[in-house]
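Here are my notes on this one, jotted down as I went through it. Have a look at the model first, then read on.

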Amino acid sequence: MSANTAVAEKYRNNFLKEIEEQVEMGDWVKMCMQCGVCSGSCPTNFQSAWEHPPQELFMMIRAGKREEVLTSSSMWNCTSCYNCIVRCPRKLPITHIMHGIAEYAHRLGMAPKMQPTRFFSGLFWKNCTNTGRVNELKLSMGLYFKDGFVQGIKNGMAMQAVALGLVKAKRLNVMELFSGHKCKDQKGIQAMLKKAYEIERSRKAAKMAG
Amino acid sequence: MADIKVAAYICKGCGLGERLDTDALVKVAQKDGKVPLAKSHDFLCNAEGVAMIRNDIANEGVTHIMIGACSRRAKTEAFYFPENAVARANLREGVIWIRPDTDEARETTQEMAEDYIRMGCAEVKAMTAPGGNPVTGSSKTLLVVGGGVTGMTTAIEASKTGYPVVLVEKTGALGGWASKLYKRVPVHEPYKSPADTGVGELVSQVLGDSNIKVYLNATIAKTDGAPGRFIVDIATESGATHTEDIGAIVQASGFTLYDMNKLPELGGGKSPNVVDQAGLEALAIAAAAGDGVIRRPSDGQPVKSVVFVQCAGQRDPTGTHLAYCSGYCCNTSIKQAMYFKDANPAVDTTIIYTDLRTPGNGEDFYRSAQEKGVNFTKGKVVEVVPNGATSTVKFHDLILGDTSAAMADVDLVVLATGQVPNSGVNIEVPAAPAEAGTVEVKPISILNLTYRQGPDVPQLKQGFTDSHFICFPYETRRTGIYTAGPVRRPMDIAQAREDATGAALKAIQALENAELGRAAHPRSGDLSFPKVRLEGCTQCKRCTVECPFGAIDEDEKRFPVVNESRCRRCGTCMGACPVRVISFENYSINTVGAQIKAVDIPDEFAEKPRILILACENDAYPALDMAGMNRIEYSAYVRTIPIRCLGSLNTIWITDALNAGYDGVMLMGCKSGDEYQCHFVKGSELGRTRLSKIDDTLKTLNLESERVRDLEVAITDIKRLPEMINKYAAELVAVGPSPFKGF
Amino acid sequence: MTEHVATNETILVVGGGISGMTAALEAAETGKNVVLVEKNPALGGRTSQLYRYFPKLCHPTCGLEINLRRLKGNPRVRLLTLAEVTGIEGDTGNYTATIKIHPRYVNENCTACGECERAVEMMVDDPFNYNLSQHKAAYLPNAMAYPQRYVLDPAIIGTADADRAKTACKYGAVDLDMQEETIQVKAGAVVWATGWQPYDAAKIQPYGYGRFKNVITSVEFERLADLQGPTGGRILRPSDGKEAKNIAFIQCAGSRDENHLRHCSRICCMASLKQTHYVREKYPEDGKSTIYYIDIRAIDRFEDFYQKVQADPSVSFIKSKVAKITEDEHGNPVCHGVDTEGYKRYTTPHDLVVLAVGMEPSVKGINIPGHIVADSSGFIEADPANGAVFGAGCASNALDVNRAVQSATAAALRAIQVVNKVAKAEA
């Protein structure tokens, strides 16, 4: 893409159209009137923790800032509290749009790899779809060691008291590290998931085809 | 003044009987007021009291009534004697309610009341009940100048009301600006898509109405006369002139789009692919006539991307372009973006705005555009750079904080320039002498009035002929001539149609009242009018120059000619006249002067100063009244006379008062200047100009400048006025008594 | 003002605010008989409760004085106060309106001397001040009240206070036996000018109106600034009476919001810009205003006013719809949100928050007799189906005073057209 084409793409509807087609509830993005009530209402947005709050993301989409939007960590911060949806004067389903964009970025492989919520989501998904049950010990250890072995040990040490308490209260079984419990029909679960992926693929293909 | 019989009635109700010696007041009326009939009553405003007065009118031949009771603003239903001359001595709000009920105060309070009785008697004797204007016109025809939506609507609505209309349009066809539109902004639910302009229907209504006479290719060559009897010469293209008798006029001369060639930085005039909103309408009409595709003017290629630049040459604080917002352009750009989106959703349409202004249900229209995929970007366009067939729009994206945002390869740029009113000649700006080598562009008069003060309706600001009054949007400064539509104020079609309907009513009202000799707003219904005693006139022209409504012309010998139905009865002419030959039947130099002279001035050893207050009856007097209602006390030494307007102030009153031994004179008028609050527009300002020369008078009399005090007053100064009065009274004590007492 | 008999050449005007008064007076001054119906005890409506107008900063009572003088001198207007139209029967050119008149308990003998007010003890909320203060149960509605006649609050009837009021009146003006009455009035055309009401701010839950004392509405703020208002024109906080110098104005409080009012109420931007002037007027040294807005809608020539306010260093503009308001330990309302121009988060305490509440038509949800066509916001539309019932002023659209008067003047003509036709048919 030449520099000139890049400018020509800016503020054009191309990226907005892409979002409308590819992202769940993406066709609402154009309805934003930039009042900012979503950005102000977000409880996780303390001290401007988000690089781009929802209303700004919407403007960036309209400005054609594809790369910046899809590689952003911002939409991954959404905790689905629904404050923004309740207050939005244009009734945009902002929470769903955030998840939609995040999912789309993930699908394209553009999402920031080590963004904690994204990492956790992946970990959680793998963890629970593997055996049909969530293995809490593996899940939390996976999360501790996200940023490497040394950091993992440090995180583990920091949470030591909590872990011991859980063990004492029989809420955590160290043996889970080796096998872990499973659901009764593990094969059945896998089959169901396979089918679900298939359905999703065909639905998306249909949507792309118009 | 034959056969007048004056009666004075003094009320004892509302505590007047307890606080005042009303028997003494009756005696004052008889002795000092010299009225043949003086009575007191326990409760004058009740049925029995009013019946007593009515009986005296019927059986005793009473013609002039002096009521000593409450303020002239109170009990108006009870004391309603439209056939008689009536004066009200304000003993309640003006005396007992502003004085403490103490033994020490009793004497000064009584003196105050007695003076008001003397003043009331003197005033009523100097008055006559207005007999009405004998020189009335009775034309019931409306002249509408301009054949656009506003003018056509005015004509249709007036005709529907039963009045004949003459409509003059300068071009060869009716329709105006709106006929050049492809579609208009919707005015009904649902506010979702552009609607038919409705111009065709209006045109056929006008043309099909036998009550409406249309002149095309015609202009107003001359407008002579006054409401009810205008004589208008209409010049047509053929050179023929037609004369019409007209009762009232609605000027609906519309607007011209601000010239985009003045905006080269936005590409105006630099590329055929940069157009104004009119240009886009033309493209849309051309498209509708063809395949529905809006094409690039330069090469006829279909427009794939279009950018609308809002506020182009508007909201400009630097003074280079228009300072105001034209109000309609946001909705228009939204509508025009829909032209593209409705035809082909794939066209990129972007509206770059700083504040999107879609009031009321316009918000639905905005939402609808978003649904259709119109892109809205909050930004400020810095530059439009045409480059071949396309342009680059450079702007500051205010949301993303990007100062060098840009859109390249834009097929078409639409500049939302604003409305410039077609208001004719600005009669208040002296024509500048043409500079050498330049061609002077003289604005062309719309009405060509033969009025002494100039050929067109005075403008308010930025060329608009709007009213300055929020409560009274139709008040132009030319009686019986109303302006409507975008010449009055920037507006869209929906508002213009509403405006036209309102203006039609005002015009009809003006001609009906002109026939009855009744004044127009704000003294609506007043039957008095200025009479000039020409024998005494020195042809100084002050009245003809100062009249805020241009009511007075000059004859060939330069004597003033009052056009009664143009007059608003403010009395500015009367105040301006140095030889005091102008008067109204119920308001004159004498009705006020006699009151001033009727006041009993104690000698300098009595230590009872006298302060004359001349208070504007619209704002200052009600404020003083409400001070009374709130029982706020002020000095017993003031004697207040309401005047119609500070503009009616004749300096002789001040000279008379000072000569009579008053210690000070306070003038209370409304705010003047750019943000004036005077109901007679220039009245308070002219009064103040006159006052500024009072120092010379004071010097001649060898008096201190403190003796005259001008106070700018608002109706809300209920607490402030008593404070100011008391402060002034104290200052006067320091200055010392007037040396003119006892002469 | 007289008691002329209404016929089908009479115009009925419902609502005695600036629009209704204008419609009535313009019609009367064109020679038509008018019956003007007002539900409150005095004329003036909502504009009479404003301290100043934008953009001139002049006082609404000034125009009211002129209108009242026009009315006092015009025998063609018959005025009914404390009256409500409960039904309209008939058709264009031939309507019969049913009007319910509530007892005032004071007759035309009243001289407004105020003795009854001094005699009674009971205090009731003062609606003229949006209940920010109380007045005696025998009261004159306000200093400009017309008719200039006292009113007894119904709460007083049957108490010793009522007898005290009756005894105090020397003129037999207090009539405790007055009953509600229903009358019928004929009319050829009807102008419906019942105005607007401020949107119920308590419904905007995150803003805490009703929970936080120092969050008030723009109409209440007018009363605080008014010299005749409950604080004598001092801007004081409702919670502790402290001077409120740092004031936030929140735009679109209810307007442009699909959860509340979908339309833009048009006046609120200008109203807040105007109110910043009050802050500066009352606290010239250290008054501070912050306007939180989405778009400043200073339409047409009002732009001048906006530019003047922008140039004032004591006023800041933040492009943001405030997300929520909390209250700190000092009772200060704290605004939370994000400035969208460049994404700046704020948590800003103010002394007082003024919600620029939206305009809801008074006719909304009310069954206007005769099945009037209204738009989705409840404003009366111009529709042939309405016959000779014409909306005027804020009953027909979100309008400022100037435009409301314009609309009322137009409505008066439409009504005149109908009664002229009736007159012609009967002649």
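Predicted model: local features only at pLDDT ≥ 70, side-chain atom pairs only at ≥ 80, totals over all residues.

1. Residues are numbered from 1 along each chain as its sequence is written, while chains are lettered from A and ligands numbered from 1 in the order in which they are written.

2. Chain A splits into domain 1 (3-107) and domain 2 (116-209), with bounds from an automatic or database domain assignment. Their C-alpha centres are 28 Å apart. In chain B, the C-alpha centres of domain 3 and domain 4 sit 53 Å apart; these domains span 257-419 and 531-575.

3. Now the B–C interface: 72 residues of chain B contact 64 of chain C (contact: C-beta atoms, placed from the backbone, within 7 Å). On the chain B side, H10(B) gives the most, eleven residues (helices are DSSP runs of H or I, at least four residues, numbered from the N terminus).

4. In chain C, helix H1 (residues 18-28) packs on helix H8 (residues 401-426) at about 40 degrees, axes 8 Å apart (axes are lines fitted to C-alpha atoms over the stretch in contact, and angles run from 0 to 180 degrees between N-to-C directions). H1(C) and H8(C) are therefore oblique, as angles under 35 degrees count as roughly parallel, over 145 as roughly antiparallel, 65 to 115 as roughly perpendicular and the rest as oblique.

Terms used:
Contact = placed C-beta atoms within 7 Å. Helix = DSSP H or I, 4+ residues; strand = E, 2+ residues; numbered from the N terminus.
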